[in-house]
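Let's take a walk through this structure together, one stop at a time. Have the sequence and the 3D view open as you read.

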Amino acid sequence: MGGSVCPQVLEHPLPYPCPAQAQAPQAAEFLDKTVLKFNDRSWLDGLTQVSLPSESTLHTMQQLVELIKKLRSLEQERQTSTQEELLPYISDEAYEILDALQADSPSTSTEATALVSLESLIPKLLWCVARSAYATMQLLEGIQVLAFPPNEDGINGILRLAVVLEIETSGTQENFDLAMGCSAPPGLDREWLIQAEIDSAVHLDWLTDVENVGVLGRSKINHQLQQITHQLATTPALQPWVQGITVDCLTPNQTWQTADLRLKLDFAFMPYPVSNSGTSQLTASSPIEAELLIEAELLEDLEFGHSEAAGHAKASILPTTAPITVVEMPLPPLFATTIVRLTDPTILETFANLATQQELVRSINSLRLEMISSSQDDVLPLVQEAIRIADLTYHSASTNFCLLQPELLIDELIPKLLWHVTRSSFTAMQWLGGMDVILLQPGGNWQAGILRLMIVLELQTSEQQWFVDLAAGRFVSIDSWTLPSGAIAQFPSTSELTAVEQIQVQLQQSIYTAAPEITCLTTGVDMEYLTADYDWQAGQLTLHTGLEFIPHLF
């Protein structure tokens, strides 16, 4: 099965033209050749610089949360106290935070304007969306779902969150699907229902319906998009993009003109195609049948794991244009059937505090945006957020903090840990993909190739030791992420010479500062693991960071 997946080869036609039909060459040229002039450089800087409140604001908010917990512990029978009931006891602290928020305004750049190509803007926008939540990142890649058109059977396929940039000038309006690099086709019909494995859409509350049986969530498209759009609209870096910004725009064969940019979201659905043998795609006519089909596919995946062609077999059942990445994992049964859990209460408490701190940062940024838009000195929203954080449990805190989840399959843990690293900084994300360099190693000659950041998960037991490259999804040796001391890298774009050791130190500092949970893992944490053959056994998880050089073959 190869080539583009077009409607005529599907039992159910696509709800929009496939990418091959979306005039990709013209769209690609527009994205590649268009230049934008920003009068406010902060619109750009915010996309790659994580907004953090001041230490004093963060500390004051933390004190308010602790005070609410203390008041509730003193009144055991009134655990459901409302913000109105609590306000008389915490008003001084609440207004102190309000003053801190008003004084803690984000810094502005000294440069008023900036020129940037539209093409270079795309990865920054996508990264900013992907880092907002792990579940959002999953949807950007695509998750397996069953889609139900009105009064029709379910269709098995891939659901993808499309990030669309609308560019409107005086004479034209263009909508681009940033991930696909083409003009955005019409979105999924709003009357369709979507069902997904809860694990595939974990923590997407809007996909979960407790009235449904089994592991399925069900929701309408409109509600889903509203929830994610609200999430992005309360992200400081993305708020102006969601609301719309005005820039100067220079496109091929045109003069400078004013353009309005707006970031929008939509869903794209890719049904699985009919096989070459004429076998129909999997369908279901009810939630129960849908659950059985999903369970059957999970069992089929495990059966694939016992064959040497496991990775290739799994990849072959997916459309070649499906917007997800399939990597071949060695020893699939190890990852698909082994469960791990952390056992050290101290490290669990540390992770809980870090998760709470992340929620505090999110709330402070959201409150600051709300204050700017409303211009009101109202402390009730602030108190509501403090109460929400005070009520966080391990389960609710694990929404964007996978290490607090009580148990995880290893093949679930690996991408979640990788997300913790990629969300830490735009630079870390770039280095995970690799940089073109010319490398000089002691005792060797200059050699062109790719220098990339490696994040390696070590799983150590009493009997075995594994090292897994999180980004590549493969086992590696213990020395694969360490280059000889004294190696020098030259970047072709700038001809700048830099010591490889210096690059590694700077990347580590960047990641550890923005993702302190990664720092905790670098010294090793105690865990237990459960396999199909053995009961819970003791082990240890450790994260290693380093650099790998991949020389060009020509």
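**A guided walk along the chain**

Start in the loop between β3 (143-148) and β4 (154-168), where you'll find Asn-151. Keep in mind as you look that this is a predicted model. Asn-151 has a phi near 60°, a positive value in a residue other than glycine. Is Asn-151 buried or exposed? Its relative accessibility is 86%, so it counts as exposed.

There's another spot like this further along. Ser-495 sits in the loop between β18 (488-491) and β19 (496-499), and its phi is also near 60°, again a positive value in a residue that isn't glycine. Ser-495 has a relative accessible area of 49%, so it is partly exposed; the cut-off for exposed is over 50%.

Now step back and take in the whole chain. Its secondary structure comes to 18 helices and 21 strands. Of its 554 residues, 45% count as buried. If you take the contacts between residues at least 6 apart in sequence, 70% of them join residues at least 24 apart.

Next, zoom in on helix α3, which covers residues 55-74. Several residues of α3 are buried, among them Thr-57, Leu-58, Thr-60, Met-61, Leu-64, Val-65, Ile-68, Leu-71 and Arg-72.

What does α3 pack against? One partner is helix α13 (residues 380-390): the two pack at an angle of about 65°, with their axes 9 Å apart. That angle makes α3 roughly perpendicular to α13, and the crossing is right-handed. On the α3 side, the residues that meet α13 are Met-61, Leu-64, Val-65, Ile-68, Lys-69 and Arg-72. On the α13 side, they are Leu-382, Glu-385, Ala-386, Ile-387, Ile-389 and Ala-390. Sort the residues of this contact by type and you get 9 nonpolar, no polar and 3 charged.

For another pair of helices, look at α5 (residues 118-130) and α6 (residues 134-141), which pack at an angle of about 130° with their axes 8 Å apart. That makes α5 oblique to α6. Here Leu-126, Val-129 and Ala-130 in α5 meet Thr-136, Met-137 and Leu-140 in α6. This contact divides into 5 nonpolar residues, 1 polar and no charged.

The last stop is helix α15 (residues 410-422), whose 13 residues should span 18 Å at 1.5 Å a residue; the end C-alpha atoms are 19 Å apart, which agrees. How many of the residues of α15 are buried? The count is 11 of the 13, so α15 is largely enclosed by the rest of the structure. The buried residues include Trp-419 and Leu-417, and also Glu-412, Lys-416 and His-420.

Notes. Residues are numbered from 1 along each chain as its sequence is written. This is a predicted model: local features need pLDDT of at least 70, side-chain atom pairs count only at pLDDT 80 or more; totals for chains, interfaces and linings use all residues. Side-chain values use heavy atoms; hydrogens and water are left out. Axes are lines fitted to C-alpha atoms, for helices over the stretch in contact, and angles run from 0 to 180 degrees between N-to-C directions. Helices (H or I, at least four residues) and strands (E, at least two) are DSSP runs, numbered from the N terminus. Angles under 35 degrees count as roughly parallel, over 145 as roughly antiparallel, 65 to 115 as roughly perpendicular and the rest as oblique. Contact means heavy atoms within 4.5 Å. Ala, Val, Leu, Ile, Met, Phe, Trp, Tyr, Cys and Pro count as nonpolar, Asp, Glu, Lys and Arg as charged, and the others, Gly among them, as polar. The expected span of a helix is 1.5 Å times one less than its number of residues. Buried means under 20% relative accessible area, exposed over 50%, partly exposed in between (1.4 Å probe, protein chains only). A crossing is left-handed if the near helix is turned anticlockwise from the far one by less than a right angle, and right-handed if clockwise.
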